[in-house]
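Here is a short report on one protein chain. Please look over the sequence and the fold before reading on.

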Amino acid sequence: MDSQFRYPRLGLVVSKKVSKKAVQRNRIKRQIREVFRYSQGQLSDMDFVVFANPGISGETNGVLNRELMRLFGISQEKCQSQK
C-alpha cells in the first residue's frame, strides 16, 4: 500500500528482548537507519516497519546491511506485484 507521503518512511521496534543493553539496541537502530537512508532513493513511497528479532544483537554490521537490503528489496517487489 502506498503512503500519502511522497517519500518512504521508516518505523523501528527494537525491544529489550533483543538486547538488555541500550548501547546494543541503539547500534542496531543506527545501522537500520543508515541502510534505509542509503536505500531511500530506490524505494517507492511506502511505510516500512522493522521489528528486530532477539538473534540480531550478535550480528555484525555487514550481515545487518545485507539482510536489510534483501528485505527492503523483497518488500518492494511484493508491493510492485500487487499493483
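How many helices and strands are there in the protein? The count is two helices and two strands.

## Model and confidence

The model is predicted. Mean pLDDT for the protein is 86. A value of 70 or more is reached by 94% of the residues.

Strand β1, residues 9-13, has the highest mean pLDDT, at 93. Helix α2 has the lowest, at 84. Where pLDDT is low, predicted coordinates should not be read in detail.

## Overall architecture

Along the sequence, the elements follow the pattern β-α-β-α. The C-alpha atoms fill a box of roughly 40 × 20 × 20 Å along the principal axes.

The protein has 83 residues, and 30% of them count as buried. Consider the contacts with a separation of 6 or more: 79% of these join residues 24 or more positions apart.

## The helix pair

Two packed helices are described by the angle and the distance between their axes. Here α1 spans residues 22-39 and α2 spans residues 61-82. Their axes come within 10 Å and cross at roughly 50°. The two helices are therefore oblique to each other. Their crossing is right-handed.

Which residues of α1 and α2 make the contact? From α1 come R27, Q31, I32, V35, F36, Y38 and S39. From α2 come N61, L64, N65, L68, M69 and F72. By class, this contact has eight nonpolar residues, four polar and one charged.

How values were computed:
Residues numbered from 1 in each chain as written. Predicted model: local features only at pLDDT ≥ 70, side-chain atom pairs only at ≥ 80, totals over all residues. Heavy atoms only, no water. Axes fitted to C-alpha atoms, helices over the stretch in contact; angles between N-to-C directions. Helix = DSSP H or I, 4+ residues; strand = E, 2+ residues; numbered from the N terminus. Parallel < 35°, antiparallel > 145°, perpendicular 65-115°, else oblique. Left-handed = near helix turned anticlockwise from the far one by under 90°. Contact = heavy atoms within 4.5 Å. Nonpolar A, V, L, I, M, F, W, Y, C, P; charged D, E, K, R; others polar. pLDDT = per-residue confidence, 0-100. Buried < 20%, exposed > 50% of the residue type's maximum accessible area, 1.4 Å probe, protein only.
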